[in-house]
Amino acid sequence: MRAIKTILAIIWAILFLVSSNAAADDEDMFKKGLQLMDQQRYDEAINAFSKAIEIIPADFQAYNSRGVAWALKGDFARAIDDYNKALELRPHYAEAFNNRGYAHTQRGELKAALDDYRKALEIDPFFVDAYNNTAWILATTDDTHLRNSAQANTLAQKAVELEPKIASLDTRAAAYAAAGNYEAAIET
């Protein structure tokens with residue numbers, strides 16, 4: 001009995017070390033991918049994130065980040081595929097919803113984009129970019145079924161309250177203009 005316990009302890013220790021090394025390798029590849037994206041070396045970043053995914057197939061952040069790299073290359077279909085996989089692995093991942101919404105926006109799929117931005121806000125009601133992205137579409141779209149200047153103003157104001165940065169103020173100005181309040185748009 002003692003020999004069996006010893007063997008089981010050794011097996012457990014080996015499994016722990018192997019899984020720890022895999023996690024460390026995954027983290028290294030993930031960090032490398034982020035660094036490569038910062039350097040605008042998107043193909044290499046995609047390769048690094050792909051290696052991280054090979055090491056840990058359930059790495060939802062690697063899928064999301066690889067999706068960002070695809071989007072930065074302009075390949076929004078592949079970006080959406082990666083965001084879908086990230087959301088399959090982690091269904092309440094606000095960042096992936098927001099990123100997928102951006103990819104849909106770039107493809108002209110504004111209804112799908114708005115749905116994704118709204119899901120991101122349901123998950124994280126302090127997600128400034130999701131407020132901004134939603135407000136921008138509602139204020140600037142030519143689609144009269146989607147355009148809603150009142151809602152755009154409300155959402156843009158929330159973004160400014162949360163984080164008064166240039167992007168939020170720009171969206172707020174667009175929302176004012178969409179509502180016909182040009183003085184406030186210029187002032188903003």
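Predicted model: local features only at pLDDT ≥ 70, side-chain atom pairs only at ≥ 80, totals over all residues.
Good morning. Of the 47 residues in the largest nonpolar core, those that touch the most other members are M37, A86, Y93, A120 and F127. Two or more residues of this core come from each of helix 1 (2-38), helix 2 (42-55), helix 3, helix 4, helix 5, helix 6 (110-123), helix 7 (128-140) and helix 8 (149-162). As general background, nonpolar side chains in soluble globular proteins tend to be buried together.

Let me begin with A86. Leaving aside residues up to four places away in sequence, A86 touches F60, Y63, N64, Y93 and A96. A86 is also one of the buried residues of helix 4, and I turn to that helix now.

Helix 4 covers residues 76-89, which makes 14 residues. From its first C-alpha to its last, helix 4 reaches 20 Å, close to the 20 Å expected at 1.5 Å a residue. Which residues of helix 4 are buried? They are F76, A79, I80, D82, Y83, A86 and L87. Viewed down the axis of helix 4, these buried residues fall within an arc of 165°, and therefore they line one face of the helix. As for their partners, the buried residues of helix 4 pack against helix 3 (60-72) and helix 5 (94-106).

Next, the aromatic residues. The structure holds 3 aromatic pairs. One of them joins F76 and Y102 in an edge-to-face arrangement, with 6.3 Å centre to centre and 70° between the planes. This pair links distant parts of the chain, since F76 belongs to helix 4 and Y102 to helix 5, 26 residues apart. Are the two partners buried or exposed? F76 counts as buried because its relative accessibility is 16%, under the 20% limit. Y102, in turn, is partly exposed, with a relative accessible area of 38%.

Finally, I would like to consider R172, which lies in helix 9 (residues 166-178). R172 has a relative accessibility of 10%, so this arginine counts as buried. What does R172 touch, not counting residues up to four places away in sequence? The residues in question are N153, A156, Q157, V160 and T188. N153 stands 19 residues from R172 along the chain, and their C-alpha atoms are separated by 6.5 Å. The side chain of R172 also makes a polar contact with the side chain of Y176, at 2.7 Å.

Thank you for your attention.

Notes
Residues numbered from 1 in each chain as written. Heavy atoms only, no water. Helix = DSSP H or I, 4+ residues; strand = E, 2+ residues; numbered from the N terminus. Expected span 1.5 Å × (residues − 1). Buried < 20%, exposed > 50% of the residue type's maximum accessible area, 1.4 Å probe, protein only. Arc of directions from axis to C-beta. Contact = heavy atoms within 4.5 Å. Phe/Tyr/Trp six-rings, centres within 6.5 Å; stacked < 30°, edge-to-face > 60°. Core = buried A, V, L, I, M, F, W, Y, C linked by side-chain atoms within 4.5 Å. Polar contact = N/O pair within 3.5 Å; in protein donor to acceptor, adjacent residues only side chain to side chain.
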